[in-house]
Amino acid sequence: MSRAGPFAARLGLDLLVVVTAVVTATTTVLRDDLLHPTGPRFVLGVIGITGAVLVLLARHRFPFAAPACTWVMCSALSFLDGQLIVNGGAILIAGMGAAVLLGSHRNAALSRLGLVIVLTGSVAVVRNGPDSSADDLLSVPLMFAIGWLVGWALRERTERTEAAEGRAVRAEREREAAARIAVAEERGRIARELHDVVAHAVSVIVLQVGAVRHRLPEDAEAEREALRNVEEAGRTALAEMRRLLTAMREEGDEAELLPRPGLGDLARLVHDVDAAGLRVDVHVRGEPVPLPPGLDLSAYRIVQEGLTNSLRHSGAGRAEVTVDYAPDELLLEVRDHGAGDPGASGGHGHGLVGIRERVKLFGGEMSAGPAPGGGFLVRARLPREVERP
């Protein structure tokens, strides 16, 4: 439909040009005034005036030359036959259309040149008309100058529209680029956090393997060698992970020495948020069970992100957090009772990006939007057992 409109408008204008040319040719052939030429001059006038109208069909390919040619041809024909142009109503319509087209040309210099052509041509046509008066020398060029001004106004409007569309396209591209950057930054941040969890687990494995190796009897040399290889592989993997973390850490970041938080630290988080002005009620359903460190950390961050968003953007004075320990999954809900949109931006500058990426990491599901009865609601479902390929 968006393409059908301009296509139909183009066909309609082309049809109008053809009809105008037919009417112009017909009225020229049927002239009965005593001053009209005969013979080759008459035939040349009919062909010329018809061509002066039909040349407007090339306006899309030659946006300046086509309407300018209409005026140049009409001016030249007026010297051949003074009444040929002034007595034709259809050719006046074509001349006005050509004036509008010249005024609306994208190139301002050519558009101004078109005004000169319109004024010069109209003066020539009026002067060559046998019945033209002195008033016509002023009124006729002024009439076509107004048509040119209409085209100039359309040109400026088109430029403003295209400029607005260009700004909208650039803004959309910038938003998409910012979203991609936000996702990449958030994934890097999540990876840095989970690195510490994995590194701790590998360190425990290396220490336990070393302890078992030293407790083996002296005659178990093969077993001791196998455990030594496992211990060395673990230490190598741990060193490579530390190098990876160094490469991922952004400039200015410092190594975090405090233990990574989990759902067991919600009370401290609620206390901090409450001190910032947002009262939080926590509801725990089901029997709390130990969670894998990565899942526990991500669940805490999801709640933290939701409360930070509500605190910054919702304008609410109260929020509710629900933690549901279902048999095979962990359900999290963060709801506020404000009027703002916490999804607009959020913790760490990325809004709901962090929540979405953490939920995706564990193969869960997430939803965010207006809550029934008002406020904003964020839901996250995290499987407690991630499927392995």
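In helix H5, the buried residues (under 20% relative accessible area, against over 50% for exposed and in between for partly exposed; 1.4 Å probe, protein chains only) are Ala90, Ile91, Ala94, Gly95, Ala98, Ala99, Leu102 and Gly103. The model is predicted, with local features requiring pLDDT of at least 70 and side-chain atom pairs pLDDT 80 or more, whereas totals for chains, interfaces and linings use all residues. Residues are numbered from 1 along each chain as its sequence is written, and side-chain values use heavy atoms, without hydrogens and water.

Helices are DSSP runs of H or I with at least four residues, numbered from the N terminus.

Surface patches were defined from residues with over 30% relative accessible area and no salt bridge, joining like charges within 9 Å and nonpolar side chains (Val, Leu, Ile, Met, Phe, Trp, Tyr) within 5 Å. A salt bridge requires a side-chain nitrogen of Lys or Arg within 4 Å of a carboxyl oxygen of Asp or Glu. Accessible areas were computed by the Shrake-Rupley method with a 1.4 Å probe. A nonpolar patch of about 290 Å² accessible area unites Val18, Val22, Leu54 and Leu57. Leu54 belongs to helix H2 (residues 40–54) and is partly exposed at 35%. Glu221, in helix H8 (residues 221–248), is partly exposed at 44% relative accessibility.

Glu185 lies in helix H7 (residues 136–215), and its C-alpha atom is 9.3 Å from that of Gly354, 169 residues away along the chain.

Key:
Helix = DSSP H or I, 4+ residues; strand = E, 2+ residues; numbered from the N terminus.
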